Amino acid sequence: MIKVNELEKTYKSYQRGNDFLSTLKSIFKRKINYIEAVKGISFDIDKGELVGFIGPNGAGKSTTIKMLTGVLHPTAGEVDIIGYTPWQDREQYVAHIGAVFGQKSQLIWDIPPVDAFYMNKAIYDIPAEEFEETKDKLVKMLEVEELIKKPTRQLSLGQRMKCEFIMAMLHRPEIVFLDEPTIGLDVIAKETIREFIKEMNKKGVTFILTTHDLDDIEQLARRVILINNGDILFDDTIEVLKKHLGNKKHIRLKTEEKLGDLSIHGVKCKQRISQKEFEIELDNSLIEIKDFIDQVNQRAGVLDINIQELPIERVIKVLFGQNKNV
Amino acid sequence: MLKTIKGVAFATYKEWAAYRSHILVSLFIGPVQFLVQYYIWSSVYAGQAGTIRGFNLEQMLVYYGITTLINYCIMDFAGWNLQMLIRTGRFVTFILRPVSHRLFAFSQKVGHRLLGFWLELVPVYIIFLLVFDIYLVPANVLWFLLSLFLGFMMMFLINYCIGMAGFWLTRTEGIRSIFVIFRDVFAGVFIPLTFFPGVVQNILFFLPFQYISYVPVRVFIGDYQLGEMSLELSQIVGLQATYVIVMLLFSEFIWRMGIKRFTGVGV
Amino acid sequence: MIHYLRIFLSGMKVALASRMAYRGDFIIRIVVMFFGDLLFPMITTLIYRAGASFPGWSLPEVLLIQGIFMVVKGISFPFFFGMIEEILDRVREGTFDLMLIRPCSVLYLSIVSSFNLEYVGSFLGGIILLSYALLHIEINITLVTGLLFLLLFFFSMLILLSFTLIMSGTLFKWVGNSRVYEIFDAVTKFCLYPRSIYSEAFQNLISYVFPLAMIAYFPAASLLERLDRGVIYSLVVCLLFFLISRAFWYRMLKQYTSAGG
């Protein structure tokens, strides 16, 4: 369904001086900086897949999504999505796709979302019957029957995001691109959005999402593509990724009393903030979390504990380190 | 106080230097607008020898030339900026600072105009001199500089007062734009005030607007006239100073009421 | 075709509803347009009241030119001039990308999503000015002069559209520069006066290179029966000017999509 071959994007930027003299110079001779945002990546995606792109900020995720949606022209490479080259056949192609950009709203600030929906009906040329049917179904799924009649500016971020999803799916797209769809949302809103994505994916919609939140990937994607510095470092299932990483958790711990040293098997202290506060990496295959807590509790008393997935930067370090070894 | 002005002005200067391509647009707009006036008045005086409302062709062109340059010295966004701060709620941070926002805004204006001096005034002055052959030298440098400074203050105080309307109204952009049109008309930016009907001129004499631009321009030319008034330079500049002080007191009064309202309702 | 008409109608509806969210501000903006545009007719009147004049032109004749300028603006600007603000904001905030994921022409979408009725202020002022001028000038409009006027009026709108395309195109590259409006205001000042006040070379410039004379002078001259044959060349120049500015807009868009904003 999606074939990407050696896709490349190099940005040109002109160096600008800060003082008067260098500005004057720059009129005659400009220094050009080339930034390779995406360095020739290739992958295929089949119908009905739910693929997650992860990577730190500035890794090239958004640039890739922009090229796949036809917004950005690549420097080199080929893309074939359901028979179209996105940036060449833009007008016909985009009728088949939907997109939600976490930080760019498609709703219109001063009017209710439902009015913006009707504008999409006209733009995508959706037959009235089909439109009403889709709209009602989506509105029901996301439970926003009342909200869509309020002016957008009165909605919370989570409520708005639900409406963004409706906006993107009204024309029944085959492929939906999501760029940081859960950014800034609270836990409950994240959960609703994730459920919605899973539900639509079951109905055959292909999803491609970018995120720097490993939770998103764990809960949603079966396949993970990890991008760093414009290169694909990893492209496989979430299970394989986990095997590489080991089942590690990132823990922030505060104790009641001083905890001398943390010599527990399977626990690595990453940072000692004070004698009562630690950042720890725990290997779940060597020690159970509950055993770890028990041990610490006996020795110094647990005051506060926060268990998270590994941050993305750490994941890259682990994977990159392995690649080097091979 | 001087330290604050210097510090803030310098920071503003540097900040705006990054937007010099925006400021340099003036090098196009200023001469183009002057060219329009040049054609208008050359044509008007071609069918009419002598003076019109106290100006001959050369004086008329000097009037528009110096009005343009004075505007580069005194224009500011103080009103716009203040109402934006109030509307977005960012004004709160200024209440907590030891420096009053008015002094801060004034210092910003100083820095911004310092940049305007190099990027707008000097190049446009040279264009006027070389392209249009308009030779701009004040009749009396000292009186002119004093009057220019007072015009600078007047512009700031009037704009700042209009910005303070934001303490009472939620959306003031529209009102501000209408006000700006009238301010510029009554300051003599579009046409010398002597072109207005006698009654209007007599009213304009008592309004603060002429002290923004019209008075500095007349002081530059070296002769002041409006309505039935014909004053010495010392007299009109003295009057200008009096008006600036009155305006300063007035803005202080509005400021206190505004702050009371802001802290009473908001925060 | 029907598809595009539907987009236009829904775009207009949404844009209107958006503006109406702040009714008071909307009305004030109309008033601002009204006063702002009447400024120059007022100054012209003051010049004539002082006993001076543009040689060969009576006050109502000059006001006819200025009135036509306001009416052309009032009729055409609601449909496309808002595009400048739309592109200015969207490119600055990075939301222009959203226009590119819609299945229709980007230029068309930019135009219809910025419908703006506040230029009604200019239109009203223009109508007042026109009525005054026509009451004080003796002209008899025949079918031929009437049709000629309409043709020139249409070309006048085409030139305003061209300027809009050039300005908004510039904003793809010159991000966030709101001073394009000032440039437009400065340049169009030349449209407000009889062409004969300019030097010979400048007259040729605004007739045959940058056809500013088409915006108000030529339509007014057609009513006053003061047109010369040169207007035929000017019509051709106008068409070229439009095509070039349209090409310029697309070129800038292309640069935007390959530079990535």
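Modeller: Gladly. In chain A, strand S10 (residues 248-255) pairs with S13(A) in the antiparallel sense over six bridges. This is a predicted model, in which local features need pLDDT of at least 70, side-chain atom pairs count only at pLDDT 80 or more, and totals for chains, interfaces and linings use all residues. Residues are numbered from 1 along each chain as its sequence is written, chains are lettered from A and ligands numbered from 1 in the order in which they are written, and side-chain values use heavy atoms, with hydrogens and water left out.

Colleague: Why are S10(A) and S13(A) said to pair?

Modeller: Two strands pair if DSSP finds at least two bridges between them. S10(A) and S13(A) have six bridges, so they count as a pair. One example is A:His250, whose bridge partner in S13(A) is A:Gln308.

Colleague: Why does the contact of C:Asp97 with A:Lys66 qualify as a salt bridge?

Modeller: A salt bridge needs a side-chain nitrogen of Lys or Arg within 4 Å of a carboxyl oxygen of Asp or Glu. The closest N and O atoms of C:Asp97 and A:Lys66 are 3.3 Å apart, so the pair qualifies. Across the interface of chain A and chain C the rule finds three salt bridges.

Colleague: And how many does the rule find between chain C and chain B?

Modeller: Zero salt bridges there. Five residue pairs are in polar contact across that interface, both residues at pLDDT 80 or more; such a contact is a pair of N or O atoms within 3.5 Å, where within protein one must be able to donate a hydrogen and the other to accept it, and residues adjacent in sequence count only if both atoms are side-chain atoms.

Colleague: What is the buried area of chain C and chain B?

Modeller: About 3,100 Å², 74% of it on carbon and sulfur atoms. Buried area is the accessible area (1.4 Å probe) that two parts lose on being put together, summed over both, so the value covers chain C and chain B together. For chain A and chain C, the figure is about 2,600 Å², with 61% on carbon and sulfur atoms.

Technical notes:
Helix = DSSP H or I, 4+ residues; strand = E, 2+ residues; numbered from the N terminus.
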